[in-house]
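Here is a short briefing to read alongside the structure. Have the model open and follow the topics one by one.

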Amino acid sequence: SDKIFLRGIIYQQDTDGAVIISLNQADKKADRSMTLIDRTGNVKWMVGQNELFDKMKVDENKNYWSTFDGSARSIRVARSGNLLVLMQEGVGIMGFDYTTGKKLFTLD
């Protein structure tokens, strides 16, 4: 793909594609987005910060857990069939449809 992912991290990857969580800007305050790239390099879907945990936002002026490195370490993504699970330590779990990116549930 010709898309650029600022500070993008691949959190889940398999033969179908890769889930990348990245920032929307290079700044002390930034929102994250979660994107699924298929194995051909095309973007299948993207979920913006408004659909993710508020605590995934980066705010370098707060504490360590609000910095990029601190919050990146607390994020996990796993896939089981058509269910993609986003977990943030101490915050909760969200389920997304792997095919469409539609949020299915949120658990605190």
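In this predicted model, strand S2 (residues 17–23) and S4 run antiparallel and are joined by seven bridges. Within that pairing, Val19 has Leu36 of S4 as its bridge partner.

- S2 and S4 belong to an open sheet of four strands, ordered S1-S2-S4-S5 with antiparallel pairing.
- Strand S1 (6–14) and S5 are the edge strands, each pairing on one side only.
- On average, neighbouring strands of this sheet are turned by 20° against each other, direction ignored.
- As background, the strands of a sheet pair through backbone hydrogen bonds, either parallel or antiparallel.

**The S4–S5 hairpin**

- Strand S4 (residues 32–38) runs antiparallel to strand S5 (residues 43–47), and four bridges join them.
- Four residues lie between the strands of this hairpin, and Gly41 takes a positive phi near 95°.

**The largest pocket**

- The largest pocket holds about 280 Å³ of space.
- Its lining is made up of 13 residues, with Lys55, Asn63, Trp65, Ser66 and Gln88 lying nearest the centre.
- Sorted by class, the lining of the largest pocket has six charged, five polar and two nonpolar residues.

**Aromatic rings**

- How many aromatic pairs are there, with ring centres within 6.5 Å as the rule? The count comes to zero.
- Tyr98 does have a charged neighbour: Arg79 lies over the face of its ring, at 3.6 Å from the ring centre.

Notes: Residues numbered from 1 in each chain as written. Predicted model: local features only at pLDDT ≥ 70, side-chain atom pairs only at ≥ 80, totals over all residues. Heavy atoms only, no water. 1 Å grid on protein atoms, 1.4 Å probe; cavity = no way out; pocket = protein on both sides within 12 Å on 5 of 7 lines; lining within 4 Å. Points joined across faces, edges and corners; volume = space filled by probe spheres on them. Nonpolar A, V, L, I, M, F, W, Y, C, P; charged D, E, K, R; others polar. Pairing = 2+ DSSP bridges. Helix = DSSP H or I, 4+ residues; strand = E, 2+ residues; numbered from the N terminus. Phe/Tyr/Trp six-rings, centres within 6.5 Å; stacked < 30°, edge-to-face > 60°. Lys NZ or Arg CZ within 6 Å of the ring centre and 35° of its normal. Axes fitted to C-alpha atoms, helices over the stretch in contact; angles between N-to-C directions.
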